[in-house]
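Here are my comments on the model you sent over. Have it open while you read, and tell me if anything looks off.

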Amino acid sequence: MNKSREVRNILITGGAGFIGSNFVRHWCQTYQSSRVIVLDALTYAGNRANITDLEVTGKIKFVQGDICDRKLVDELLLVENIDTVAHFAAESHVDRSILGPGAFVQTNVVGTFTLLEAFRQRWLKQEKPQDYLFLHVSTDEVYGSLELDDPAFSETTPYSPNSPYSASKAGSDHLARAYYHTYGMPTIITNCSNNYGPYHFPEKLIPLMCINILLGKSLPVYGDGQNIRDWLYVEDHCRALATVLHNGKPGETYNIGGNNEVKNIDLVRLVCQLMDELAIDIPVKPSSQLITFVQDRLGHDRRYAINANKIKNELGWVPQVTVEEGLRKTVQWYLENQDWWQPLLSSEYQSYYQQVYAVAT
Ligand code: NAD
Ligand code: TYD
């Protein structure tokens, strides 16, 4: 394998969110020689507390701001002498994109464009442009939905996004691709499957189920519960992204998956079993009694699955955490970190919950 890229000053957008904050932590623990700047607007999904310990110990610099703010982005790239961008910032929840797609187009498309264009202007002026890299973190949802017997998504699967979320991510992927093909700017796109693990915002399936079990609330499973997702433990994803940053080839796309295809209903039953086993006291036991099938999500994709052979064969990355191991760690984390998630069940969250689940139940 060729010599790894050196990352000197990295800008991590969306570093206060779920995957971003896990990545910031992973990067700081593993690669202490680079400077880390986090840019995050702290939307409802962003939580500075996720990375405060790294901020107070001087391991990162945190800047609150919007990726759509070109002046701010220009200044940051220049003043912090950024050579590498790891772009996580996005509106990320499908159900919210159904309620209000506008914010998704703004952040995911316009925001990504703003970052790409600012980075291009900086990259153009460098003496060693080959040392620069823009990593665009995206999703498998851009590929659309699979039937049960379809082969898993590969890097050459045609795009076919079905939700406003996935359509906006597809738009941003196309821009990142075009910046490489048109201008030669070094960009890499990664498309990963459903992540799970610590610091996952309560609206997503796994944390929602853990929290509702602790609160004795019903566990809403959309439709018939037979939808399939390929679950990737967030630490495995972070390792994959670090590998891509060091050894990935500009202009390429890498799919990242967990090799863990599970039906939603089976996953929820697994969470229930783990909660019954690990929680000292829960209002309803067995907690599976709380499972309630509710009206399906609009346009709900049936199955996602990732073929991760390319990143395995070219960069040597494979996922290490099985869904059983990862879920156990995740459930334990939500049990031990109630102080983290309780404040997130704000009035904004309650009103969102009401809108999605009052319609659904
Ligand atoms: P998240 O919603 O938990 O975090 C998003 C972060 O971006 C938040 O901290 C938020 O404050 C910040 N942000 C939002 N709009 C911003 C803006 N305009 N300017 C600056 N910051 C802004 O999302 P996540 O689950 O951590 O996802 C991170 C990335 O990974 C996203 O690009 C998402 O599309 C992609 N992805 C996520 C998953 C998953 O399972 N969570 C799967 C595939 C791909
Ligand atoms: P989610 O965590 O929202 O991720 P994504 O939509 O990006 O895959 O949902 C995962 C799966 O769980 C998806 O098929 C929708 C389903 N789901 C439910 O059945 N009930 C819920 O309350 C939620 C939030 C999701």
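Predicted model: local features only at pLDDT ≥ 70, side-chain atom pairs only at ≥ 80, totals over all residues.

The points below go through the sheet, its helices, the cores, one glutamate and a ligand site.

1. Now zoom in on E1 (residues 9–13) and E4 (residues 84–87). These two pair in the parallel sense, with 4 bridges between them. Look for Ile 12, which stands opposite Ala 86 of E4; both turn up again in point 5.

2. On to the hydrophobic side of things. In soluble globular proteins, nonpolar side chains tend to be buried together. Here the largest nonpolar core counts 82 residues, and Phe 23 and Ile 311 have the most contacts inside it. What does Phe 23 touch, leaving aside its neighbours within four places in sequence? The contacts are Ile 12, Ala 86, Phe 88, Cys 238, Leu 241, Ala 242 and Leu 245. There is also a second, separate core of 23 residues, with Leu 11, Ile 82, Leu 116 and Met 185 among them.

3. Have a look at Glu 117, which sits in H5 (residues 102–124). Is Glu 117 buried or exposed? With a relative accessible area of 12%, Glu 117 falls under the 20% cut-off and so counts as buried. Its side chain makes a polar contact with the side chain of Gln 121 at 3.0 Å. Not counting residues up to four places away in sequence, Glu 117 touches Arg 70 and Tyr 179.

4. Last, ligand 2. There are 18 residues around it, and those that come nearest are Glu 141, Pro 220, Arg 297, His 300 and Tyr 357. A polar side-chain atom of His 300 is 2.7 Å from an oxygen atom of the ligand. Backbone atoms take part as well: a backbone N or O atom of Tyr 222 lies 2.8 Å from a ligand oxygen, and a polar backbone atom of Leu 205 is 3.0 Å from one.

Conventions: Residues numbered from 1 in each chain as written. Chains lettered and ligands numbered in written order. Heavy atoms only, no water. Core = buried A, V, L, I, M, F, W, Y, C linked by side-chain atoms within 4.5 Å. Buried < 20%, exposed > 50% of the residue type's maximum accessible area, 1.4 Å probe, protein only. Contact = heavy atoms within 4.5 Å. Polar contact = N/O pair within 3.5 Å; in protein donor to acceptor, adjacent residues only side chain to side chain. Pairing = 2+ DSSP bridges. Near = heavy atom within 4 Å.
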